Amino acid sequence: MTRAQTRYLGYAVLLVLGLLAPLVVYPVFLMNALCFALFACAFNLLLGYTGLLSFGHAAFFGTAAYVTGYSAKVLGLSTGLAILAGTAGALVLGIIFGGLSIRRQGIYFAMITLALSQLIFFFYLQASFTGGEDGLQAIPRGRLLWVINLENDRTLYYVVFAIFLFGFLLIHRTIHSPFGQVMKAIRENEPRAISLGYDVNKYKMVAFVLSAALAGLAGATNAIVFTFVTLTDVDWHTSGDVVLMTLLGGMGSIFGPVVGAFSIVTLESKLSDKVGSLVSVIIGAIFVICVLLFRRGIVGEVQGLYRRVVGSQP
Amino acid sequence: MTEIFGVPIAALFGQLVLGLVNGCFYAMLSLGLAIIFGMLNIINFAHGAFYMMGAVFTWFLLSTWNISWWWSLLLAPLAVAIFGMVIERLFLKRLYKVDPLYGLLLTFGLALVIEGLFRYKYGVSGLPYGIPEVFQGALNLGFMFLPKYRAIVVVATLVVCFSTWFIIERTQLGAYLRAGTENPPLVQAFGINVPAMITLTYAIGVGLAGLAGVLAAPTLQVSPLMGSNLIIVVFAVVVIGGMGSILGSILTGLGLGLIEGLTKVFYSQASNTVVFMIMALVLLVRPAGLFGREK
C-alpha cells in the first residue's frame with residue numbers, strides 16, 4: 001500500500017468507529033473527547049505544522065464557550081447560530097492575540113500567548129455575563145435548524161461528530177494545500193522561507209486565526225454538550241492539557257492529536273475519582289516522559305516502527 | 001487629612017510599598033529566569049514551583065523543627081538549589097541538543113508534578129507563617145507607617161540583585177559564565193568545565209527563586225498554589241523587559257510592581273491584569289522589549 005492508501009484506510013476506519021461508537025460507549029464522554037480532539041487538532045495546526053507553541057489556546061476554547069452559552073441562554077439564539085457566534089468570537093480574539101504574539105518568536109511566543117490568556121481569564125473572572133466563579137449554568141441544548149432535537153444524547157452525538165469531521169477535514173485540506181506547504185517551510189527554516197519571498201508573518205497570522213477559530217468551534221460545541229461553562233475552560237491548565245494531548249499523540253501528524261485527546265480525556269475521567277488531586281501529578285509526569293523518551297508521540301512512534309518493519313515506501 | 005486625587009497619602013504610599021514588595025519578587029524571579037535562559041537557552045516553567053518550595057520549606061522548618069527564619073534564609077535556597085541541580089543532571093541535560101521548546105514543556109510538566117505533590121500533602125489553604133520578631137511593627141515616617149518587614153524585603157532584594165549583577169558582570173566566575181553563554185565549545189576548549197558551569201547556573205537561578213520564596217513566606221500567604229499564578233506574571237515581566245540585560249530585568253520587575261500598586265489605588269479591578277496590558281502595549285510599540293535586543 002502506498003502512504004496515501006494507508007491514510008485513506010485510516011480515515012475509513014475512523015469514520016466507521018465514529019459512527020458505531022455511541023452504541024457501545026457513553027455518548028457524553030465521546031462528545032467531550034471529540035471536542036477535545038478537534039481542539040487538539042486545531043492546536044496542532046499551529047504547533048505541529050507551523051512550529052508555533054501557543055500556551056494560551058484555552059482562551060479561544062473558553063471564549064467561544066462563553067459566547068455560545070450566553071447567546072443561547074440569555075439572547076435566545078438557536079443552537080446553530082450560538083455555535084457560530086462562539087466560533088466568530090474566538091476568531092476575533094485570535095486576530096488580536098495573533099497580531100500581538102507573532103511579533104516575537106519561539107519561547108517568547110509561548111510566554112506571550114500564556115500571559116494574554118491569563119488576561120482573558122481574569123477578565124472573565126470579573127465580568128458579570130460569565131457568572132464569575134459559578135460559571136454559566138443551564139444552557140439550553142435546543143434544536144438544530146428548528147427540527148433536530150439535541151436534548152437526546154445520541155442525536156447530539158452525531159451532530160458533534162459531524163462538526164468534528166468538518167473541522168478535521170478542513171485542517172486536512174489546509175495541511176495538504178500549497179498554503180500548508182509554506183507553513184511547513186516556516187516550521188523547518190523560517191529565514192529560508194523569508195528569503196524565498198514569502199511574507200512569513202502573514203502566513204503565521206492566517207494559521208493562528210484559523211487555529212483559534214477551530215479551537216473556538218470545539219469550545220462552543222463542548223458548551224452545548226455539557227450545558228455549562230466554567231472558568232476551567234479558560235484556565236491555563238486547559239491550555240496545558242491541549243499541549244499534552246498533541247505532544248502525547250504526536251505533533252505534526254494528523255491523527256496524533258485525536259489519539260492524544262482520547263487518551264488524556266479517558267485518563268482524566270478514569271483517574272479523577274480514584275486519585276483526586278494527584279491527576280495533575282500524573283499529567284505532569286506524562287509530559288516529562290513524552291519529552292524525554294518519545295518526542296514523536298504515539299502516532300509518530302508507531303509510524304516509525306511500521307516503516308522500519310515494512311521498509312520505507314516512496 | 002492630606003490627599004492626592006482623592007486618595008489619602010498614607011493609603012497611596014502603603015499600596016506603593018506593597019507594590020514594590022511584589023516588584024521585588026518579580027525582579028528576583030525574572031532575574032533567575034534570565035540567568036538560566038542565558039546559559040541553558042531554556043525557559044524554566046518550574047520557576048514558580050521552586051519559589052513555592054522555598055516558601056513551604058521555610059514554613060516546614062519552623063513548624064516541624066522550630067528552625068528560625070534566619071536559618072531558613074540560608075537553608076531553603078540551598079535545598080532548592082540542590083534539588084535544581086538534580087533536576088538539571090537528570091532531565092534538562094538531555095535536552096540541550098533539541099528545540100528549546102522541549103525545555104519549556106519539560107519544566108511545565110515538572111511544575112505540575114511538584115505543585116501537585118505539595119498540594120496533595122499540604123492542601124490548598126494557606127500555611128500561616130509569622131513575621132520574625134525583630135521586624136514586627138512599623139516605622140513612622142511622618143506621612144505614613146512603613147511596616148519594617150516590607151522595608152527589609154526591599155533592601156534584601158536590592159542587595160541580592162546587586163550581588164548577582166556584580167558576580168556576573170565583574171568577577172572571574174561571571175566572565176566564564178558570560179563566555180559560556182556566547183560560545184560554549186570555545187570556553188570548553190580553554191579547559192573550563194562547561195557542563196558543571198551549566199549545572200551551577202541552573203542552581204543559582206532556582207536558588208534565587210527559593211530565596212524569593214523565603215522572603216515571601218512571612219508577608220504573602222504560603223500555599224502550594226502561590227507559584228503558578230506568579231510565574232505567568234513573571235513571564236509577562238520578562239517579555240516586557242527582555243532577557244538581554246540583568247539590570248533591565250531588575251528594573252522592569254520593580255517598576256511593574258509599583259505600577260500594579262498604583263493600579264490597586266486608582267482602579268483596583270485592573271490590578272490583576274495591568275501587567276498583561278502593559279505587555280500588550282510594549283509588544284505594539286517595542287516588540288523586542290524595553291531592554292531587549294532583536295535576535
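Colleague: What share of the contacts in chain A, between residues at least 6 apart in sequence, join residues at least 24 apart?

Modeller: In this predicted model, the share is 77% of the contacts in chain A between residues at least 6 apart in sequence, where a contact requires C-beta atoms that lie within 7 Å.

Colleague: What makes H2(A) and H10(A) roughly perpendicular?

Modeller: Helix H2 (27-50) of chain A packs against helix H10 (residues 236-249) at an angle of about 75°, with the axes 9 Å apart. Angles of 65 to 115 degrees count as roughly perpendicular, and therefore H2(A) is described as roughly perpendicular to H10(A). On the H2(A) side, the contact includes Phe36(A), Phe39(A) and Phe43(A), while H10(A) contributes Val242(A), Met245(A) and Thr246(A). By class, this contact has seven nonpolar, three polar and no charged residues.

Colleague: How do you know that the buried residues of H7(A) line one face of the helix?

Modeller: The buried residues of helix H7 (residues 178-188) of chain A are Val182(A), Met183(A) and Ile186(A), and a residue is buried if 20 or more other C-beta atoms lie within 10 Å of its own. Seen down the axis of H7(A), these residues fall within an arc of 105°, so they line one face. An α-helix has 3.6 residues a turn, so residues three or four places apart point the same way. The face of H7(A) turned away from the buried side carries the exposed residues Pro178(A), Gln181(A) and Glu188(A). Helix H2, helix H8 (190-195) and helix H9 (200-226) of chain A are among what covers the buried residues of H7(A).

Colleague: Which helix supplies the largest share of the side of chain B that touches chain A?

Modeller: In the contact between the chains, 33 residues of chain B meet 34 residues of chain A. The largest share of the chain B side, 16 residues, comes from H4(B), and the residues of that side divide into 25 nonpolar, five polar and three charged.

Terms used
Residues are numbered from 1 along each chain as its sequence is written. Chains are lettered from A and ligands numbered from 1 in the order in which they are written. This is a predicted model: local features need pLDDT of at least 70, side-chain atom pairs count only at pLDDT 80 or more; totals for chains, interfaces and linings use all residues. A residue is buried if 20 or more other C-beta atoms lie within 10 Å of its own, exposed if 12 or fewer, and partly exposed in between; C-beta atoms are placed from the backbone. Helices (H or I, at least four residues) and strands (E, at least two) are DSSP runs, numbered from the N terminus. The arc is that of the directions from the helix axis to the C-beta atoms. Two residues are in contact if their C-beta atoms, placed from the backbone, lie within 7 Å. Ala, Val, Leu, Ile, Met, Phe, Trp, Tyr, Cys and Pro count as nonpolar, Asp, Glu, Lys and Arg as charged, and the others, Gly among them, as polar. Axes are lines fitted to C-alpha atoms, for helices over the stretch in contact, and angles run from 0 to 180 degrees between N-to-C directions. Angles under 35 degrees count as roughly parallel, over 145 as roughly antiparallel, 65 to 115 as roughly perpendicular and the rest as oblique.
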